[in-house]
Amino acid sequence: MNRKVIYAGTFDPITKGHLDIIQRAASLFDQVIVAVAKNPSKQPLFSLEERTALVSESCLHLSNVQAVGFSGLLADFALEHQAQALIRGIRGSDDLEYEIQLAQLNHKLAHEHLETIFFPPAVELRYISSTMVREIYKHHGDISHFVPLCVLNALALKSNKEN
Ligand code: COA
């Protein structure tokens with residue numbers, strides 16, 4: 001059986017925290033699809049195409065990982081790709097209640113054919129979020145510890161264009 005899992009998010013942009021979870025999932029499962037959500041509610045800095053390309057580039061060293069953009073319900077996307085489970089990172093107790101609710105909802109929406117597997121974050125990456133990375137960058141802080149090199153380059157290119 002091909003064990004296929006999905007790791008979904010907005011990835012605006014992908015961080016080393018996300019990458020850590022992707023790498024750990026890739027070592028456990030046959031195939032990992034990183035599902036990049038269009039997510040119009042967040043008004044992302046990078047377009048869906050840019051975010052998907054940055055995830056692909058960050059995961060080039062992982063042969064069983066593929067980045068795919070999606071819109072609509074995650075449960076429908078998972079059914080369409082015949083995935084057995086969703087991967088979610090839980091950074092602390094604050095995330096837990098919401099994540100359990102989401103897991104139960106996705107299980108129901110996928111007609112009980114979809115499990116959710118929770119990963120704890122790496123200790124040193126626990127406090128990162130994409131919003132914080134964007135905020136630090138905006139104020140000229142050093143984000144090189146938090147994001148893959150391709151993201152650093154893409155942010156520099158974007159701010160050069162804006163200036
Ligand atoms: N490392 C670094 N950052 C992390 C992280 C980790 N290990 N885990 C989570 N984060 C960050 C994310 O980057 C995100 O940061 P941001 O708010 O600054 O963008 C934040 O923590 C929240 O993460 P998450 O809850 O995964 O939100 P998301 O926006 O990245 O993804 C979707 C949410 C896309 C998975 C969810 O909205 C979805 O499934 N949408 C489709 C519609 C649907 O089916 N909804 C559910 C049924 S109602």
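## Basis

This is a predicted model, in which local features need pLDDT of at least 70 and side-chain atom pairs count only at pLDDT 80 or more, while totals for chains, interfaces and linings use all residues. Residues are numbered from 1 along each chain as its sequence is written, and side-chain values use heavy atoms, with hydrogens and water left out.

## Fold and dimensions

The chain holds 6 helices and 5 strands, where helices are DSSP runs of H or I with at least four residues and strands are runs of E with at least two. From the N terminus on, their order is β-α-β-α-β-α-β-α-β-α-α.

Along the principal axes, the C-alpha atoms fill a box of roughly 50 × 30 × 30 Å. Of the 163 residues, 46% are buried, meaning under 20% relative accessible area with a 1.4 Å probe and protein chains only.

## Asp20

Asp20 is found in helix 1, which covers residues 16-28. This residue counts as buried because its relative accessibility is 15%.

The side chains of Asp20 and Arg24 are joined by a polar contact of 2.8 Å. A polar contact is a pair of N or O atoms within 3.5 Å; within protein, one must be able to donate a hydrogen and the other to accept it, and residues adjacent in sequence count only if both atoms are side-chain atoms. The Asp20 side chain also reaches the backbone nitrogen of Ala122 at 3.4 Å.

Note on methods: Buried < 20%, exposed > 50% of the residue type's maximum accessible area, 1.4 Å probe, protein only.
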